[in-house]
Amino acid sequence: MMAEFKKVVLAYSGGLDTSVIIPWLKENYGGCEVIACCADIGQGDDMQAIHDKALRSGASKCYILDLTQEFLEEYVWPTLKAGAVYEGKYLLGTSFARPLIAKRLVEVAKKEGAEAIAHGATGKGNDQVRFELTVKALAPNMAIVAPWREWDLLSRTQEIEYAKAHNIDIPTDNKKYSMDKNIWHLSHEGSDLEDPWNAPQNEMYLVSKAPEDAADKPEYVTIDFEKGIPVAVNGKKMGAVELLTELNDIGARNGVGIVDICENRLVGMKSRGVYENPGGAILFYAHRELEYLCLDRATYHYKEGVAIRFGELVYDGMWFCQLREALSAFVDSTQETVTGTVKLKLYKGNIMSAGAKSPYSLYNQEFVTFEEDHVYNQADAEGFINLFGLPLKVRALMQEKAGK
């Protein structure tokens with residue numbers, strides 16, 4: 001026996017799944033009122049059309065939430081500052097969007113007096129975890145409905161039949177891949193990508209040019225950072241949305257930021273995905289180049305480990321956990337001097353260093369020069385090596401004495 005709710009807030013995209021969920025919720029949860037929420041995070045959809053479709057599908061109202069700037073400033077930039085990349089490739093484009101969307105779902109649910117939040121994530125994926133952990137963190141007593149784990153609609157054909165029976169508009173486009181898009185990235189899964197031996201087909205790319213189709217001459221770009229946050233491109237100060245849009249255009253025409261990975265999902269299976277992330281790839285590369293100049297050895301090496309753990313937390317939907325917040329506090333302290341300019345060379349899918357400068361640079365030419373200097377006594381190195389190598393010497397003496 002399913003519970004009865006008066007109001008349910010639904011994470012709504014306008015696609016087949018979430019459109020079908022609206023009447024399904026009303027039929028299976030006591031004729032509840034369904035309030036749709038659609039997040040605009042720069043995916044380029046027609047928000048008015050989505051709003052109207054939600055109402056035609058049976059929602060009592062539909063919130064259109066403009067989250068693009070908040071997404072970049074409060075979720076993407078902290079992850080960029082951390083240098084967090086999941087399994088060495090994935091720039092977490094879907095992962096850190098879900099906690100923001102779920103946070104806003106909670107806010108709407110509280111405002112509307114709803115008893116439950118629903119989402120259209122499947123029982124096989126990571127998104128169900130990301131949505132629900134956020135709800136648990138921000139509204140621990142809120143009920144959660146996940147239709148894909150409950151209903152008996154087991155195929156797209158059955159969903160279409162259900163939609164027709166309930167007079168729901170059926171999408172006319174027949175997408176080959178399962179895709180997720182926002183201002184940060186575009187992901188592709190399914191179809192021929194389910195065989196890891198199949199190379200991605202160039203016609204799949206909807207954001208970036210294929211590297212071989214990019215221009216035959218390199219393009220140079222400079223990015224300015226202040227305390228680890230990108231603030232300007234090619235010398236022009238920009239807000240977060242304008243800056244990433246500009247870098248997406250630059251990166252896309254040079255074929256950079258295409259990633260093919262067979263990643264480990266949190267739910268236990270491996271999943272093949274291809275991601276288009278042109279602006280993000282440029283920013284991560286540039287940020288790392290600046291840290292090479294501005295962080296000392298111990299801090300940089302420790303931060304590398306933090307980045308891996310940070311990426312895992314974001315991927316797993318643990319944005320609002322205490323550890324992620326603590327790691328962000330550490331990261332912020334390391335970024336106090338990560339200010340400066342990085343110049344990059346882009347060419348047919350490649351990103352290459354072309355220069356970096358910072359008022360906080362720890363690079364000191366007077367110390368490292370091969371020419372004559374007056375600041376470094378090379379004879380000091382002998383004592384350092386004797387002390388640094390003492391454990392090795394003591395062990396070797398022990399082995400000689402023990403006949404090892």
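Select Phe5, Trp24, Tyr29, Trp148 and Trp151, which ring pairs join into a cluster; rings of Phe, Tyr and Trp (its six-membered ring) pair if their centres lie within 6.5 Å. This is a predicted model, in which local features need pLDDT of at least 70 and side-chain atom pairs count only at pLDDT 80 or more, while totals for chains, interfaces and linings use all residues. Residues are numbered from 1 along each chain as its sequence is written, and side-chain values use heavy atoms, with hydrogens and water left out.

The count by the ring-pair rule is 15 aromatic pairs. Select Tyr86 and Tyr315 next: this aromatic pair is stacked, at 3.7 Å centre to centre with 5 degrees between the planes (stacked means planes under 30 degrees apart). Tyr86 lies in the loop between helix H3 (68–82) and helix H4 (97–112), and Tyr315 in helix H9 (residues 297–315), 229 residues apart. Helices are DSSP runs (H or I, at least four residues), numbered from the N terminus. Tyr86 counts as buried because its relative accessibility is 9%, and Tyr315 is buried at 1%; buried means under 20% relative accessible area (1.4 Å probe, protein chains only).

Now display H3 with helix H8 (residues 278–294): the two pack at about 45 degrees, with axes 9 Å apart. Axes are lines fitted to C-alpha atoms over the stretch in contact, and angles run from 0 to 180 degrees between N-to-C directions. Trp77, Thr79, Leu80 and Lys81 in H3 meet Leu283, Phe284, His287 and Glu291 in H8, contact being heavy atoms within 4.5 Å.

Definitions and conventions
Rings of Phe, Tyr and Trp (its six-membered ring) pair if their centres lie within 6.5 Å; planes under 30 degrees apart count as stacked, over 60 as edge-to-face and the rest as tilted. Buried means under 20% relative accessible area, exposed over 50%, partly exposed in between (1.4 Å probe, protein chains only).
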